[in-house]
Amino acid sequence: MSQKRRAGTYLWTVMMPSLKYQKGETVMGRWPGSSLYYEVKVLGFDLKSQLYTVIYKDGTELELREQDLKSTSGFQARSRSRSRSPGRRRSRSRSPGRTTRRSSSRTAAAVAAAAITDNAASSRRETRLRDVEVTLSPLPTKTPENNGNNRHEKNEDKLKVENNTANKINESEKKVEAEPEKIQGRYNLRRRKDDGDAKSDEAKVEHPEEKEAKKAAGATFATPLDFGGKIGAYFWLLFLPAWVLFLVLHVNQEDPSLATFPPPLPPLDVFWDAQALSFIILWILFQALLYVTPVGKLSEGMPLRSGERLKYRTNGFFAIVVSAVAVAAAVHYGVDLTYIYSHFLQLATGSFLISFVLSIFLYVYSRYAAPEQLALGGNSGNVVYDFFKGHELNPRIKNFDLKFFCEMRPGLIGWCLINFAMALAEMKKQGLDAPSNSMILVNLFQLLYVVDGLWNEEAILTTMDLMHDGFGFMLAFGDLVWVPFTYTMQAYYLVSHPSPLSVPALTAIVILKLVGFYIFRKSNSEKNAFRRNPSDPKLSYLKTIPTATGKSLLVSGWWGMVRHPNYLGDLLMALAWSLPCGFSHLLPWYYMIYFIILLVHRDSRDMVECRRKYGLAWDEYCRTVRYRIIPHVY
């Protein structure tokens with residue numbers, strides 16, 4: 001045993017006997033904001049905050065003061081003869097003490113409200129709550145980023161709840177509903193693993209058994225499987241490459257009708273080209289060099305479950321400017337970029353191989369990651385599903401963040417490079433001195449989209465991909481293959497299928513694009529600013545609904561009009577990308593169709609996730625913001 005471990009064991013042995021409740025002991029814990037006690041297990045004690053960490057039967061971890069814990073022997077069964085006693089009132093909600101499959105997905109807000117009204121369940125409990133008088137005192141002040149509603153008064157209130165009459169219970173319910181922010185300020189209603197900033201950066205002595213208990217507790221926070229679960233993972237691993245191949249082979253036909261199935265298959269040796277693979281590798285290495293260049297600022301990501309905030313080099317705009325200069329220089333010195341058009345199939349095949357090899361590396365690399373570094377959605381225990389969804393949340397090689405790099409650099413900037421190559425190919429094939437108006441619109445519209453994303457690169461740190469999804473085959477294939485080789489279908493289509501535009505049509509399409517971009521940018525900026533600093537005075541006009549996670553849901557501004565205004569802008573821009581291609585074929589409308597399907601799927605994912613995290617607060621949000629374009633995970 002190392003000297004450090006012996007010292008920790010000695011300190012633990014010395015300190016533990018002085019505590020009233022020991023680690024592993026089963027006691028009765030008062031649910032914050034109510035007078036109800038439930039059976040909990042003590043996980044540990046924090047010397048600095050003087051709070052016990054306990055876990056309820058439904059898996060919820062909270063931090064409670066010593067005076068909010070009672071010995072189980074102090075509770076005795078009470079009579080059921082009172083007709084108006086809280087124990088005989090019926091309720092449609094479940095208490096946190098009842099272990100059901102649904103209760104584990106409840107949020108602290110939902111359970112807290114249910115605990116106040118669920119007296120039918122509490123009447124059947126083996127232990128009864130005595131008549132008690134409870135005083136709530138404040139916890140240590142939280143940081144603004146963890147609690148967007150910390151503008152409430154700092155004075156100390158006393159909440160007295162007597163459990164022997166229904167009138168007192170009703171008064172308690174009203175007070176809890178009227179002052180949700182004050183209750184959040186006095187009690188830490190978050191699960192401990194989500195409360196990053198509450199942890200001290202100072203070294204703490206931790207007993208090995210306590211560490212294992214925390215790991216075991218963390219295993220309960222895996223999220224439900226999506227994308228069809230384990231069977232769906234096999235399907236998507238086969239379908240996604242096949243669909244990209246299907247599109248590429250069709251768009252290269254003289255009649256790109258999607259009704260032709262299967263499309264004519266060329267000889268197998270046509271799919272492979274070593275030079276194309278070398279070109280892809282060179283492009284990725286060039287973007288990696290720009291990524292590590294010490295230009296631009298270091299931005300902090302959102303707090304992880306461990307409380308850590310990763311740093312990211314956000315120099316994407318610098319990268320696309322340097323890439324544009326490099327491409328212009330290459331064209332000036334005689335490099336024929338129409339090679340991208342003539343070898344599009346081989347480039348797509350090479351990118352698929354790279355994404356597959358990267359996905360294997362990511363999964364093997366994730367096997368050595370700490371439990372708190374794993375993605376909740378990619379921690380199913382099934383190898384194929386975790387390989388597809390992404391086992392580790394933020395895989396890094398030292399400070400090189402693989403997910404962030406792939407999300408914003410090779411595929412996204414490569415999208416613009418391919419579009420530019422298609423414009424050159426159109427001029428060459430159609431004998432034009434300049435690209436057609438349709439090709440110019442597609443290039444400019446999509447270039448604006450990419451440049452805007454790289455200029456506001458910091459905003460991606462608050463998106464679902466970065467915050468929740470692990471980095472596996474799904475994102476690796478999407479970043480390196482799906483984006484550059486399917487989002488360029490409009491430009492590829494126009495090379496062989498010109499679509500002239502009249503001046504009125506061109507003007508209408510430009511206006512549509514600008515309206516969509518304005519909605520997209522303004523709503524995204526408002527959301528990102530609120531996430532990063534909810535206490536910003538510039539955002540004081542925004543109305544919010546507090547939740548038990550310490551975060552708030554926006555119900556005014558752009559996010560009070562519809563549930564997902566940025567996706568509304570995205571859809572309008574997607575429409576503007578497809579209109580220049582006309583209506584002769586369905587293929588150039590692929591992105592519009594795909595994007596609608598994507599948003600419908602995200603709708604179901606987000607609704608489940610939001611209801612799990614926010615409970616009754618999410619139901620209130622849905623009642624407040626009735627217009628449902630696409631709901632959003634805050």
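This note sets out points on the sheet, the aromatic contacts and the cavities of the structure.

1. Basis. The model is predicted, so local features need pLDDT of at least 70 and side-chain atom pairs count only at pLDDT 80 or more, while totals for chains, interfaces and linings use all residues. Residues are numbered from 1 along each chain as its sequence is written, and side-chain values use heavy atoms, with hydrogens and water left out.

2. Sheet. An open sheet is formed by 5 strands in the order β4-β3-β2-β1-β5, with antiparallel pairing. The edges are held by β4 (61–64) and β5 (69–70), each with a single partner strand, so one side of each lacks a neighbour in the sheet. Strands are DSSP runs of E of at least two residues, and helices are runs of H or I of at least four, numbered from the N terminus; two strands pair if DSSP finds at least two bridges between them.

3. Strands β1 and β2. Over 5 bridges, β1 (residues 26–30) pairs in the antiparallel sense with β2 (residues 37–46). G29 stands opposite Y38 in β2.

4. Aromatic pairs. The whole structure contains 40 aromatic pairs. For W236 and F239 the ring centres are 5.7 Å apart and the planes stand at 80 degrees, so this pair is edge-to-face. Rings of Phe, Tyr and Trp (its six-membered ring) pair if their centres lie within 6.5 Å; planes under 30 degrees apart are stacked, over 60 edge-to-face, and the rest tilted.

5. Setting of this pair. W236 and F239 are 3 residues apart in helix α7 (residues 229–251), about one helical turn. W236 is partly exposed at 27% relative accessibility, and F239 is partly exposed at 30%. Buried means under 20% relative accessible area, exposed over 50%, and partly exposed in between (1.4 Å probe, protein chains only).

6. Charge over a ring. R396 lies over the face of Y312, 4.8 Å from the ring centre. The criterion is NZ of Lys or CZ of Arg within 6 Å of the ring centre and within 35 degrees of the ring normal.

7. Cavities. The search finds 4 cavities of 30 Å³ or more; a cavity is a set of points on a 1 Å grid over the protein atoms alone where a 1.4 Å probe fits but cannot get out, and lining residues have an atom within 4 Å of a point. The second largest cavity holds about 200 Å³ of space. Its lining has 17 residues, of which I280, W283, S351, P410 and F485 lie nearest the centre. Helix α14 gives the most to this lining, with 5 residues.

Key: On a 1 Å grid over the protein atoms alone, a cavity is a set of points where a 1.4 Å probe fits but cannot get out, and a pocket is an open set with protein on both sides within 12 Å along at least five of seven lines; lining residues have an atom within 4 Å of a point. Grid points are joined across faces, edges and corners, and a volume is the space filled by probe spheres set on the points.
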